[in-house]
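Please read the following walk through one protein model with the structure open beside the text.

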Amino acid sequence: PHTAWTLRAPPALRRTMLRAGVSLLALLALPSFGSAYTTSTPLRSRVARAARAQGAAMHPDVAALVEDPQMAKAAVAAAAAGQAASGAAEGKVAQPNAAGKGKGGKKKKKGGKGGPPGQPLVIGLSHNTATVEVREKLSIQQPEWNEASARILASCPSVQEAAVLSTCNRFELHLVAADRNAAIRDVLLFLQDHSGLDEDTLWANLFMLGGEDAVWHLLRVSAGLDSLVVGEGQILSQVKACFTSATAEDGSAGKVLSRLLNVAVAAGKRVRSETSISKGAVSISSAAAELADMRAEEILGEPFTADTDVTIVGAGTMSRLLLTHLASKGITRARLLNRGMERATELAAQYPDVEVSCETMDSLEDALQKSDMVFTSTGATHCIVTKDQLQELEAGKDKPLMILDISVPRNVELECNDVDGVTAYNVDDLKAVVARNQASRRRSVLEAESLLQGELAGFMSWQRTLDYVPVIGKLQGNAETIRAAELAKVSKKLSNLSPKELEAVERCTKSIINKLLHSPMTYLRKDQGEQLTTREIVEGLFDL
């Protein structure tokens, strides 16, 4: 009884729990979670506290699981046993292929493994569930997304397709698997190896969603509804980059994931064009500029003006957006530091109204000593500004220094705040800035979610038709066998026909078969969504 709600609970209930920071799959999906949940009082408290904080109306069985770890453990065991029995009865337990090869040693298609059609699954964390210290340990740079996806397929035999989405505010693995429990177990081991984090830490920070919930999550992400800054546009380009990478020659997306990512990108575009969700929206870069404006007088002793000495470290997309928003706030000069001068010069040329001084990273220490504000946004995987470095430079001694780090992994040590005269912020500190925009955007969010519901229904309908693909293949095969056999019976009577005439007979009989099968195949591809009588089924199959 305590596993039934996972199968029958309405999507709205599961989404309510998701918004409360509770991954329902985390309660039942992993057999190992029973013992962890039993022994980890902080984990149980976090689940209950998150649910209560959001006022989530929990199903009685969910509440029982939250309060009673022994019941949760029993439910996990029951769920695992039920799935094993179901798999054995239906013959749906996929056997892992050695080295990603199928029968006869032939290499499988990109992103595909044998077995029944899989279901979408997402495992990840975001600014909603994890601190930047945890996020940066799991972070994967975009050029390495496909390599990571390939490693997932190689090390996780239960995973059929994989794609990585890693940004400054989230890390997500979008997967397809027939056996969800096995996939979660395999991927957790992969994440432990990748990040160096232990299982307890991963459990405390990760969320896991499967099936319809996983699809809904990706749609909301692409639409900007799950972003730190609701409606921001950068996440759409990042989801599009995920789609492009995953479907490339070296990508690991197959039929399901390719379709899902494509739908997500289209849905994100539609939401932004048909609602006002993106009007007045701010990006992480603009939020950083606004935070600097808000805190300048408090920290520097004077308001943010054109005379404020600003240094930007890095010349990527985030820095370009940052320059745009700083310019709108009135700055007329800035120092731009980057490893390569060519990229910095190209960026500076886009802002003729701002006097941008392009310098190499050798000028970083000088900038820390002379600037009022330093913004860092580089692709470095380590801290380029440290507490010891600031103390040695005596930064903040002659005048206050504000450092705003919008990079993940972080470019600035958290301990820099211990240096007198130095105040450092990271991406998690931007939440206070963007909270002011949330209330005014609620109507747009509702409109966007209404559109996404249609996109969700469309994808789920398409995915259900995958179950009929083998049936359609058998129909075509049987029809072709009958056609060939009947032609063989009359082959002697056709022996006096010329090769061209025989070819015409071949084409004609194939055309007849294709036209007869067209209606049944079209009918099977449609999601009927209701119980039909035998007569209605026959009429639908043959378009009568």
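**A walk through the model**

V422 counts as buried, at 5% relative accessibility; buried means under 20% relative accessible area, exposed over 50% and partly exposed in between, with a 1.4 Å probe and protein chains only. This residue has its place in strand β10 (residues 422–425). Helices (H or I, at least four residues) and strands (E, at least two) are DSSP runs, numbered from the N terminus. Leaving aside neighbours within four places in sequence, V422 is in contact with L390, A395, G396, L401, I403, C416 and N417, where contact means heavy atoms within 4.5 Å. V422 and K387 are 35 residues apart along the chain, and their C-alpha atoms are separated by 9.7 Å.

The model is predicted: local features need pLDDT of at least 70 and side-chain atom pairs count only at pLDDT 80 or more, while totals for chains, interfaces and linings use all residues. Residues are numbered from 1 along each chain as its sequence is written, and side-chain values use heavy atoms, with hydrogens and water left out.

The protein has 24 helices and 10 strands. Of its 544 residues, 48% count as buried. Among contacts in the protein with a separation of 6 or more, 73% are between residues 24 or more positions apart.

N169 lies in the loop between β2 (159–166) and β3 (170–177). With neighbours within four places in sequence left aside, N169 is in contact with S126, H127, R135, L228, I284 and V427.

Next come the helices. Two packed helices are described by the angle between their axes and the distance between the axes. Axes are lines fitted to C-alpha atoms, for helices over the stretch in contact, and angles run from 0 to 180 degrees between N-to-C directions. Helix α13 (residues 234–246) packs with helix α14 (residues 255–274) at an angle of about 155 degrees, their axes being 9 Å apart. That makes α13 roughly antiparallel to α14; angles under 35 degrees count as roughly parallel, over 145 as roughly antiparallel, 65 to 115 as roughly perpendicular and the rest as oblique. The crossing of α13 and α14 is left-handed, meaning that the near helix is turned anticlockwise from the far one by less than a right angle, whereas clockwise is right-handed. From α13 the contact takes I235, L236, V239, K240, C242, F243 and A246, and from α14 S258, L261, N262, A264, V265, G268, K269 and R272. These residues divide into nine nonpolar, three polar and three charged. Ala, Val, Leu, Ile, Met, Phe, Trp, Tyr, Cys and Pro count as nonpolar, Asp, Glu, Lys and Arg as charged, and the others, Gly among them, as polar.

How do α12 and α14 cross, and at roughly what angle? The axes of helix α12 (residues 212–222) and α14 come within 8 Å and cross at roughly 45 degrees. The two helices α12 and α14 are therefore oblique to each other, and α12 passes α14 in a right-handed crossing. In α12, V215, L218, L219 and S222 meet L260, L261, V263, A264, V265, A267, G268 and R272 of α14.

One aromatic pair is found in a search of the whole structure. Ring centres of F459 and W462 are 5.5 Å apart and the planes are at 40 degrees, so the pair is tilted; rings of Phe, Tyr and Trp (its six-membered ring) pair if their centres lie within 6.5 Å, with planes under 30 degrees apart counted as stacked, over 60 as edge-to-face and the rest as tilted. F459 is buried, with a relative accessible area of 2%.
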